[in-house]
Amino acid sequence: MGDTEVEVLSARDVPLGGPRAMTVRRTLPQRSRTLIGAWCFVDHYGPDRVAESGGMDVAPHPHTGLQTVSWLFGGEIEHRDSLGSHAFVRPGELNLMTGGHGISHTEVSTPGTTVLHGVQLWVALPDAHRHAPRDFQHHAPAPVRHDGAEIRVFLGSLAGETSPVRTFTPLLGAELLLDPGATVVLPVDPAHEHGLLVDEGDVRLAGTRLRPAELGYVGAGRDTLTLANDSDHRARAVLIGGTPFGEEIVMWWNFIGRSHQDIAEAREDWERASDRFGHVEGYPGDRLPAPALPNAALTPRGNPPRA
């Protein structure tokens with residue numbers, strides 16, 4: 001049967017992007033949970049009125065040991081990276097970037113964007129693949145109907161749909177639009193643990209109510225997930241999942257490694273502008289400097305044992 005408990009993770013506000021920072025709501029990682037499958041980072045933002053917030057303007061910055069998953073509900077973001085990719089993030093379209101050994105990129109909301117709204121997610125690469133070469137993939141999944149929901153599957157398989165996007169561990173990622181009053185039963189892989197991030201409306205996951213910006217976690221062992229929207233308005237959520245990630249990681253700034261030394265070397269490589277991260281063309285400004293390392297050694301973390 002697996003765990004029946006739903007763990008509710010609340011968000012904290014975090015500035016994103018240096019001097020022109022916008023505020024995002026972060027639900028992962030936190031002290032009680034580092035990972036859901038290989039998902040290690042969940043930022044949720046908007047709807048932000050760009051005229052008031054300034055939108056998104058993240059200067060060139062590096063990544064190691066991870067994949068970035070960009071998914072929008074509203075607005076448009078221009079992406080450039082050191083692989084040479086120049087693409088746009090639009091609602092309902094996935095952009096996935098692999099920064100294994102090293103990549104750098106920029107994210108800037110476009111001039112025509114009036115409201116910016118979406119999620120930015122990270123996936124930790126397993127040790128065997130954490131130095132994978134740079135890569136960029138784009139996918140626009142078609143919506144499918146299941147019970148009282150419209151579903152877009154951007155990673156993995158759900159509701160009879162399978163994404164063609166390549167990942168290094170088994171993963172699930174999908175946007176769910178729940179009809180007013182709908183109860184939706186989703187067949188899922190019992191080998192996966194899952195998280196449900198609510199964007200709009202209140203949604204009950206396995207009977208536990210989740211409010212906007214909350215992330216509900218359920219452990220592996222379930223072959224269905226029941227979601228309910230008791231309101232007379234549409235609700236929206238993002239479902240993530242994956243097989244439990246059996247490795248501890250060190251996550252600091254934009255780097256994922258396995259030791260303090262991994263992080264220190266990546267930081268030094270970025271600060272001295274080594275070829276490891278390449279160069280982003282087309283951004284009219286300086287790159288982001290790395291913050292100072294903490295005085296204490298960074299230590300690997302995994303999920304705490306469940307009681």
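Which strands each supply at least two residues of the lining of the largest cavity? Keep that in mind as you look through these close-ups of a predicted model.

**View 1. The largest cavity and the strands around it.** The answer is strand S6 (66-74), strand S7 (77-81), strand S9 (94-99) and S10. S9 gives the largest share, with 3 residues. The space inside comes to about 60 Å³. Among the residues lining this cavity are Thr68, His79, Met97 and Glu107. By class, the lining has 5 nonpolar, 5 polar and 1 charged residues.

**View 2. The second largest cavity and its lining.** Here you will find about 30 Å³ of space. Val42, Leu121, Gly195, Leu197, Leu215, Val238 and Ile240 form the lining, and strand S19 (193-200) and strand S24 (235-242) each supply at least two of its residues. The lining counts 6 nonpolar residues, 1 polar and no charged.

**View 3. The largest pocket.** This pocket has a volume of about 700 Å³. Arg26, Phe41, Trp122, Trp253 and Asn254 are the closest to its centre among the 35 residues that line the pocket. The lining is made up of 18 nonpolar, 11 polar and 6 charged residues.

**View 4. His117 and its surroundings.** Look for His117 in strand S11 (residues 115-124). His117 counts as buried because its relative accessible area is 9%, under the 20% cut-off. The side chains of His117 and Asp199 are joined by a polar contact of 2.6 Å. His117 also touches other residues, including His44, Tyr45, Phe73 and Arg236.

Conventions. Residues are numbered from 1 along each chain as its sequence is written. This is a predicted model: local features need pLDDT of at least 70, side-chain atom pairs count only at pLDDT 80 or more; totals for chains, interfaces and linings use all residues. Side-chain values use heavy atoms; hydrogens and water are left out. Helices (H or I, at least four residues) and strands (E, at least two) are DSSP runs, numbered from the N terminus. Buried means under 20% relative accessible area, exposed over 50%, partly exposed in between (1.4 Å probe, protein chains only). A polar contact is a pair of N or O atoms within 3.5 Å; within protein, one must be able to donate a hydrogen and the other to accept it, and residues adjacent in sequence count only if both atoms are side-chain atoms. Contact means heavy atoms within 4.5 Å. On a 1 Å grid over the protein atoms alone, a cavity is a set of points where a 1.4 Å probe fits but cannot get out, and a pocket is an open set with protein on both sides within 12 Å along at least five of seven lines; lining residues have an atom within 4 Å of a point. Grid points are joined across faces, edges and corners, and a volume is the space filled by probe spheres set on the points. Ala, Val, Leu, Ile, Met, Phe, Trp, Tyr, Cys and Pro count as nonpolar, Asp, Glu, Lys and Arg as charged, and the others, Gly among them, as polar. Lists of a residue's contacts leave out its neighbours within four places in sequence.
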